[in-house]
Amino acid sequence: MAKIDPPRPDTRRIRTEIRDDLGGRRILIVEPSGDLPNTLNNLAGGAVTIARFSSLTADLLMTTAPEVVLSPLMTSDHYILDLAKRLEELGFKGALRAFCAPLPNARVILTEVRQIWPEGDFDILEVHPRPD
């Protein structure tokens, strides 16, 4: 019996969605990972600041004035719920975007974050690994 390869994700569509969501905006990246640089290639305009989770303060948010906070869904220092709580405590009114490999059911995480931060603008950017 012939092996059927699973369909390849439409990475061009995913890159376009990310570019449309993040392009030209002031972005604060919290704890970036190796998947992130490839995802952000060719973003036009805007400004990017990188920070550690432990350095998130009201002063940092005021100084960088991010429109979007971007973070891996999970790191060794925090889970996106921790970051949403911190941003809510600091009065952040911009968008929070988590990035991760494709999830079987992103709705569960979306619901959890929206319970913690009901007025926040949260979404998940699913990033497909580069094909070998």
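Student: Among contacts in the protein between residues at least 6 apart in sequence, what percentage join residues at least 24 apart?

Tutor: The figure is 67%. Contact means that heavy atoms lie within 4.5 Å. This is a predicted model, in which local features need pLDDT of at least 70 and side-chain atom pairs count only at pLDDT 80 or more, while totals for chains, interfaces and linings use all residues. Residues are numbered from 1 along each chain as its sequence is written, and side-chain values use heavy atoms, with hydrogens and water left out.

Student: What makes up the pattern along the sequence?

Tutor: Reading along the sequence gives α-β-α-β-α-β-α-β-α-β, with five helices and five strands. Helices (H or I, at least four residues) and strands (E, at least two) are DSSP runs numbered from the N terminus.

Student: Why are H4 and H5 called roughly parallel?

Tutor: The axes of H4 (residues 80–89) and H5 (residues 106–116) cross at roughly 25° and come within 9 Å. Axes are lines fitted to C-alpha atoms, for helices over the stretch in contact, and angles run from 0 to 180 degrees between N-to-C directions. Angles under 35 degrees count as roughly parallel, over 145 as roughly antiparallel, 65 to 115 as roughly perpendicular and the rest as oblique. H4 and H5 are therefore roughly parallel to each other.

Student: Which residues make the contact between H4 and H5?

Tutor: H4 brings Ile80, Leu81, Ala84, Lys85 and Glu88, and H5 brings Ile109, Glu112, Val113 and Ile116. They divide into six nonpolar, no polar and three charged. Here Ala, Val, Leu, Ile, Met, Phe, Trp, Tyr, Cys and Pro count as nonpolar, Asp, Glu, Lys and Arg as charged, and the others, Gly among them, as polar.

Student: How do you know whether Val30 is buried or exposed?

Tutor: Buried means under 20% relative accessible area, exposed over 50%, and partly exposed in between (1.4 Å probe, protein chains only). Val30 has a relative accessible area of 0%, so Val30 is buried. Val30 sits in strand E1 (residues 26–30). Not counting residues up to four places away in sequence, Val30 touches several residues, including Phe53, Leu56, Val69 and Leu83.

Student: And what makes Ala98 count as buried?

Tutor: Ala98 has a relative accessible area of 0%, so Ala98 is buried. Its place is in strand E4 (residues 95–100). Leaving out residues up to four places away in sequence, Ala98 touches Ser71, Leu73, Ile80, Phe122, Asp123, Ile124 and Leu125.

Student: What percentage of the residues in the protein is buried?

Tutor: Of the 132 residues, 37% are buried.
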